[in-house]
Amino acid sequence: MDGREDDTHWPLGPALRRARNAAGLSQAKAAKRAGVSRALWQQLESGERPDGRPLRPKPVSLTLVARSLDLDPRQVLQLAGLDPTSYDPSRAGRPVASTAEVHELLDMVTEVQRQAVVELLRTMVDPTGGMAYKQLPRSDA
């Protein structure tokens with residue numbers, strides 16, 4: 001059975017496809033944005049592996065995919081059949097707040113607080129979009 005349209009077989013696939021299409025992205029562009037392979041993206045949308053074995057994506061990969069489409073990683077994990085409470089994205093160095101949640105929080109702070117947050121973010125990011133801080137070289141001493 002083709003999992004592409006079967007929400008009960010693999011409910012994550014149709015949800016990812018809708019979000020990707022709403023963002024105006026091809027599978028290749030969405031995969032690149034998420035930092036995963038196009039093959040993995042195709043498998044996540046279809047719910048099937050080419051070799052016929054069950055698809056068991058890693059929580060870290062699902063978190064990357066969720067963030068790339070501004071989806072809640074916990075919902076994506078749940079749609080993939082994983083327990084969303086058993087995985088903490090922050091433990092893998094991934095952000096735990098969606099862009100939507102950040103916007104909601106910014107709406108709740110005063111203008112002075114909002115300016116402070118913006119200034120803090122500016123100190124973290126250089127004008128080219130790269131991180132302003134660098135990893136310190138290891139000391140072999």
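Among contacts in the protein chain between residues at least 6 apart in sequence, 52% join residues at least 24 apart. That comes from a predicted model, so please read everything below with this in mind. The protein chain holds 7 helices and 0 strands, and along the sequence its pattern reads α-α-α-α-α-α-α. Here is a friendly tour, topic by topic.

**The chain as a whole**

- The protein chain has 141 residues, and 28% of them count as buried.

**The nonpolar core**

- The largest nonpolar core has 20 residues, and the members that touch the most others are Leu12, Val36, Trp41, Leu44, Leu62 and Val65.
- Five helices each give this core at least two residues: helix 1 (12-22), helix 2 (27-34), helix 3, helix 4 (59-68) and helix 5 (73-79).
- Take Leu12 as an example: setting aside its neighbours within four places in sequence, Leu12 is in contact with Leu44, Leu62, Val76, Leu79 and Ala80.

**Helix 4 and its surroundings**

- In helix 4, the buried residues are Ser61, Leu62, Thr63, Val65, Ala66 and Ser68.
- These buried residues of helix 4 pack against helix 1, helix 2, helix 3 and helix 5.
- Thr63 sits in helix 4, and Thr63 counts as buried because its relative accessible area is 0%, where the cut-off is under 20%.
- Thr63 and Leu77 are 14 residues apart along the chain, and 7.7 Å separates their C-alpha atoms.

- Just after helix 4 comes Asp70, with a positive phi of about 60 degrees.
- Asp70 has this positive phi although it is not a glycine.
- For context, most residues other than glycine have a negative phi.
- Asp70 belongs to the loop between helix 4 and helix 5, and Asp70 is partly exposed, since its relative accessible area is 39%.

- Side chains of opposite charge can pair when their charged atoms come close.
- The count for this model comes to 7 salt bridges.
- Glu45 is found in helix 3 (residues 38-46), and Glu45 is classed as buried because its relative accessible area is 0%.

**Helix 7 and the segment after it**

- Arg114 and Glu111 form a salt bridge between their side chains, at 3.3 Å from N to O.
- Both residues lie in helix 7, where Arg114 and Glu111 are 3 residues apart, about one turn of the helix.
- Arg114 counts as partly exposed because its relative accessibility is 27%, and Glu111 counts as partly exposed at 47%.
- In contrast to this pair, salt bridges that share partners join Arg17, Arg20 and Glu45 into one network.
- A nonpolar surface patch of about 400 Å² is made by Val117, Leu120, Leu121, Met124 and Val125.
- Val125, one of the patch residues, is placed in the segment after helix 7 (111-124).
- Val125 counts as partly exposed, since its relative accessibility is 37%.

Definitions and conventions. Residues are numbered from 1 along each chain as its sequence is written. This is a predicted model: local features need pLDDT of at least 70, side-chain atom pairs count only at pLDDT 80 or more; totals for chains, interfaces and linings use all residues. Side-chain values use heavy atoms; hydrogens and water are left out. Helices (H or I, at least four residues) and strands (E, at least two) are DSSP runs, numbered from the N terminus. Buried means under 20% relative accessible area, exposed over 50%, partly exposed in between (1.4 Å probe, protein chains only). A nonpolar core is a set of buried Ala, Val, Leu, Ile, Met, Phe, Trp, Tyr and Cys residues joined through side-chain atoms within 4.5 Å. Contact means heavy atoms within 4.5 Å. Patches are made of residues with over 30% relative accessible area and no salt bridge: like charges are joined within 9 Å, nonpolar side chains (Val, Leu, Ile, Met, Phe, Trp, Tyr) within 5 Å. Accessible areas come from the Shrake-Rupley method with a 1.4 Å probe; for residues, only the protein chains shown count as cover. A salt bridge is a side-chain nitrogen of Lys or Arg within 4 Å of a carboxyl oxygen of Asp or Glu.
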